[in-house]
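Please examine the sequence and the three-dimensional structure shown below. The explanation that follows begins with the chain as a whole and then turns to one pair of helices.

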Amino acid sequence: MSESESSLKLAEDKFVEGMQDIGQLWGFNSVESKIIGYLTTQNRPVSLNDLVEQLKISKGNISVSIRKLEEKQIVKNVWVKGDRKDYYEIKLEVWQIFLKKSFENYVLESNKALESIDSSI
């Protein structure tokens with residue numbers, strides 16, 4: 001691995017770890033957050049086996065988390081010509097979803113705070 005490839009891998013790893021923290025603030029579990037982070041750094045479809053290898057997480061845990069992310073429309077299953085494996089990509093709208101989720105969390109927490117203030121008066 002060249003020095004530039006090594007630096008890129010280090011940056012990718014730091015991004016994925018950072019996404020783990022941010023994703024949990026948005027209501028995703030740590031595995032879902034890592035998957036989101038990793039897929040965001042890739043410019044190609046990624047197989048379950050690639051996710052297992054790169055994230056060092058069990059295939060069962062990756063599979064369950066991928067299904068949840070598909071249901072939430074964060075990732076999509078894509079077809080790769082000549083291969084029967086399942087491949088996944090991050091949806092282009094993911095940052096819009098995160099912004100919406102952040103706003104929803106803000107409104108929810110604000111309403112809780114206002115209710116608390118109202119009940120104490």
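The model is predicted. The secondary structure of the protein chain consists of five helices and three strands, and along the sequence these elements follow the pattern α-α-β-α-α-β-β-α.

The overall dimensions come next. Taken along the principal axes, the box filled by the C-alpha atoms of the protein chain is roughly 65 × 35 × 25 Å. The radius of gyration of the protein chain is 18 Å, whereas a compact globule of 121 residues would have a value near 14 Å. Of the 121 residues, 29% count as buried. Where contacts in the protein chain join residues at least 6 apart in sequence, 49% of them join residues at least 24 apart.

The helix pair can now be considered. Two packed helices are described by the angle between their axes and by the distance between the axes. Helix α1 spans residues 3-25 and helix α2 spans residues 30-41; they pack at an angle of about 135 degrees, and their axes are 7 Å apart. The crossing in which α1 passes α2 is right-handed.

On the side of α1, the contact is made by E12, F15, V16, E17, M19, Q20, G23 and Q24, and on the side of α2 by S30, S33, K34, I36, G37, Y38, T40 and T41.

How values were computed. Residues are numbered from 1 along each chain as its sequence is written. This is a predicted model: local features need pLDDT of at least 70, side-chain atom pairs count only at pLDDT 80 or more; totals for chains, interfaces and linings use all residues. Side-chain values use heavy atoms; hydrogens and water are left out. Axes are lines fitted to C-alpha atoms, for helices over the stretch in contact, and angles run from 0 to 180 degrees between N-to-C directions. Helices (H or I, at least four residues) and strands (E, at least two) are DSSP runs, numbered from the N terminus. A crossing is left-handed if the near helix is turned anticlockwise from the far one by less than a right angle, and right-handed if clockwise. Contact means heavy atoms within 4.5 Å. The radius of gyration is taken over C-alpha atoms; the globule rule is 2.2 Å times the number of residues to the power 0.38. Buried means under 20% relative accessible area, exposed over 50%, partly exposed in between (1.4 Å probe, protein chains only).
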